[in-house]
Amino acid sequence: MKKIALLLIPFLALACSQQKSEKSNIIQGLATPFLLQGDTSLFYLSDYVLDFKAVDSVVFPEKLKVSRVNDSVFKLIKPSKYASLASVSVFQSGNSENILIINREKQKIVIKHKYTGKYKNLKVIGNMNNWNRGNKGMTLIGGEWQQEFMVSPGVYEYLFYSEGYEFSDPENPLKMGNNSVLQVGKFLPEDLPFITEESYSEKSIRLSANQDITKWFVLWQNKLITPSVSGNQIELQIPDEASQEKRSFIRVHAYNENGISNDVFIPLEYGKVVESTSQLDRSDKQTMIMYFLMVDRFCNGDSSNDEPVADPEILPKANYFGGDLAGIKKKIDEGYFNDLGVNTIWLSPIVQNPKGAYGLFKNPRTKFSGYHGYWPVSNTKIDYRFGTDNDLKGIISATHENDMNFLLDYVANHVHQEHPVYKEHPDWATSLYLPDGTMNTEKWDEHRLTTWFDTFLPTLDLRRKDVVDAMVDSAVYWYTKFGIDGFRHDATKHIDELYWRTLTKKLKELRGDKPFYQIGETYGSPILISSYIGSGMLDAQFDFNTYDNAIACFALDNENFGRLKSVLGDSWKYYGYHNLMGNITGNQDRARFISYAGGEVSFNEDAKVAGWIRNIGVGDTASYEKLKMLQAFNMTIPGIPVIYYGDEYGMPGGNDPDNRRQMKFEYLTPHELDVKKTVEKLIDIRKNSMPLLYGQTRILQADNNIFAYLRVYFDKKVLVILNKSREQQDLNFDVDSSTEPLAEFGSSVTFENSKLNVSLKPVSFEIINFK
């Protein structure tokens, strides 16, 4: 272990003994900003630097109290008042790089409920405590239940909870669905400083802000550069060394007394601003358009491996249908994915699952097979019902030949009881029973790191290094043997951070600078979701909070787009304005959007039960137009669009397993063909638009009927307008542009003196390009 020295001149520097090496990048990849967590935070240098023992020194900003926990972890204690942005400097062999620090000051809120004697105890569950029913609860003070929280500015959904019963706050009229809502402080983009890209030349970039700025932070890659400042404008010089890099980035952040600005993210090619999408390829993560398919339900390309579980207690829709890897390869070769336009394919788990029946649903009575792939009895062997190693190699080769990425769904949280790991190491699993003797199943929030999904699915104790190392080796196997481009990770929030840090570090060591994308699945608050995203963890997670609010707004006539605006502001605050979050049309755990929109499934019912007891269809045909609006929304906001198989034409269904019907390639109805054609055009628009991939986002209107926003990348602009009303809407917007508008979907548009007039048909959208 190297000796550590503490220096205070005037910053706090933590220094290691000198070690000389050739000049190279200290930090692998772009360093994600580090978010200070309350008064005390743990800073993992190993999240950013692979060989942290080679680092000469780490210099933290003044006023932070810093102590070393171990070789790569530092404890940071901040004062009561601290700057919104700061930076850490890492030095090695005469070179230095920087990591931004973000600080969001918290304020106290008190949630109250009048005491009536009805409840012996009462708790608040919500975003502020990750919906944890095991929290300490409210205190009875002067005839009122009260509970205090320290929160940063944002949107907070909550409910009251008592002995299994949940209800909204009767004194709070603001709701999102059934949840009560608090909006705390300034967090909406219009309240904060906003940076705009003004112009660029071969060597420089000019930016401006709409408010006075306290301090600017400009980075090329991970190196701070000093811009020239004139009022609310800055001009930055692109470093000469950028000309040696095919792809590098300029990142800009700023803050003032109102809070932190939007972030700017500008791609460079050999030191020049990227002007056209023709300069991008699949290694540029912002270009990804993802397609998620469930292998068993997609296409049967080899009937010789069909083997449904021979158990009469399994109803047909809970058994194997016969889809396989050969079927996926067939559709790649036929050009299905190329014709649709997607460039990233994500497969459900393909590892061996049990041969028997497990689980039980009571009405109607049925057991289940492992057709979905989420009950692993092996973590490295392909299920013979799906195919062989050669089948998978063929798919990956075909995707790469077609300039597409390949993502694999991986399950680390649990194994099936037949898995050799559990049989040989039962102590590797968490206990099925809690200390009070109750069963620890489906305790998603109270015991999220130990709870079992079912009694036959032992949860692995991934707080233990020996268990983590074994599971990481199994995950890395898929990269080293098959050359996959990324993972979708199941049950992310139920897995300790030790696993994610170990896996990501090992992948970085193996792949070097080769891009690799990891996206997780977490249902919870943005605070919890974002805690798994960062340089040493995952690239992104699915933005379920945006999805839940989007489908409500698009499906229901009485939902105001204001709620979607608030949730987007909260998402950008936590994940960034140029995030890689997954924006889904649906998934294997939710009823199909089109059936919600058509009234075939209600948001207030158990959609899983509905899928068993009713034949769920599309309902009102206006739902096809609503689905097109959801697709347009996903294709034009920051993040990665994700199409769940069948949503490209409007597959209906309740929840699992009714949302996992057989994929349909032929005999589409006119409505279905129209949706599919629209999706193909939307994908083409996104793929060819720098504003939609890298532009700034400004919300112009959000009310009962209209949601409109502008995406801007220097002089290129895209205006997106969504009209969910049943009437034509005549609208006007101020748009500063020297070019004529093009309405991609044929709406009536006039443009004069920077005033744009648009007529939108009922239940429709428009995308207007200013190229």
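In strand E45, Ile768 is the bridge partner of Ala743. Ala743 belongs to strand E42 (residues 742–743), which is joined to E45 by two bridges and runs antiparallel to E45. The structure is a predicted model, in which local features need pLDDT of at least 70 and side-chain atom pairs count only at pLDDT 80 or more, while totals for chains, interfaces and linings use all residues. Residues are numbered from 1 along each chain as its sequence is written, and side-chain values use heavy atoms, with hydrogens and water left out. Helices (H or I, at least four residues) and strands (E, at least two) are DSSP runs numbered from the N terminus, and two strands pair if DSSP finds at least two bridges between them.

E45 also pairs with strand E40 (residues 716–723), in the antiparallel sense and over seven bridges. Here Ile721 has Glu766 of E45 as its bridge partner. E45 (residues 764–770) has seven of its seven residues buried, so it is largely enclosed by the rest of the structure; buried means under 20% relative accessible area, exposed over 50% and partly exposed in between, with a 1.4 Å probe and protein chains only. In a regular strand the side chains alternate between the two faces of the sheet. In E45, Ser764, Glu766, Ile768 and Phe770 point one way, Phe765, Ile767 and Asn769 point the other way, and all are buried.

Strand E11 (residues 123–126) is likewise covered on both faces, with Lys123 and Ile125 buried on one side and Val124 and Gly126 buried on the other. Four bridges pair E11 with strand E14 (residues 154–162) in the antiparallel sense. Gly126 stands opposite Tyr158 of E14.

Three strands form an open sheet in the order E4-E7-E6, with antiparallel pairing. Strands E4 (40–44) and E6 (65–68) are at the edges and have a single partner strand each, so one side of each lacks a neighbour in the sheet. On average, neighbouring strands of this sheet are turned by 25 degrees against each other, direction ignored. E6 pairs with strand E7 (residues 73–77) over four bridges in the antiparallel sense, and Arg68 stands opposite Phe74 of E7.

A second open sheet has eight strands with parallel pairing, in the order E35-E34-E33-E32-E29-E28-E37-E36. Its edges are formed by strand E35 (540–541) and strand E36 (582–584), each with a single partner strand, so one side of each is without a neighbour in the sheet. Strand E28 (residues 290–293) pairs with strand E37 (residues 640–644) in the parallel sense over three bridges, and Met290 stands opposite Val642 in E37. Helix H12 packs on this sheet and touches E36 and E37, its direction making about 145 degrees with that of E37. Contact means heavy atoms within 4.5 Å. Axes are lines fitted to C-alpha atoms, for helices over the stretch in contact, and angles run from 0 to 180 degrees between N-to-C directions.

H12 (residues 622–636) and helix H13 (residues 670–687) have axes that come within 10 Å and cross at roughly 15 degrees. This makes H12 roughly parallel to H13; angles under 35 degrees count as roughly parallel, over 145 as roughly antiparallel, 65 to 115 as roughly perpendicular and the rest as oblique. The crossing of the two helices is right-handed. A crossing is right-handed if the near helix is turned clockwise from the far one by less than a right angle, and left-handed if anticlockwise. Residues of H12 in the contact include Tyr624, Leu627 and Met635, and those of H13 include Val675, Leu682 and Arg686. By class, the contact of H12 with H13 has eight nonpolar, five polar and five charged residues. Ala, Val, Leu, Ile, Met, Phe, Trp, Tyr, Cys and Pro count as nonpolar, Asp, Glu, Lys and Arg as charged, and the others, Gly among them, as polar.

Helix H8 (residues 544–555) packs with H12 at an angle of about 145 degrees, the axes being 9 Å apart, and the crossing is right-handed. Thr546, Ala550, Ile551, Phe554 and Ala555 of H8 make this contact with Lys626, Met629, Leu630 and Phe633 of H12. Its residues are seven nonpolar, one polar and one charged.

Helices H1 (residues 325–334) and H3 (residues 389–401) pack at about 20 degrees with axes 9 Å apart, which makes H1 roughly parallel to H3. Their crossing is left-handed.
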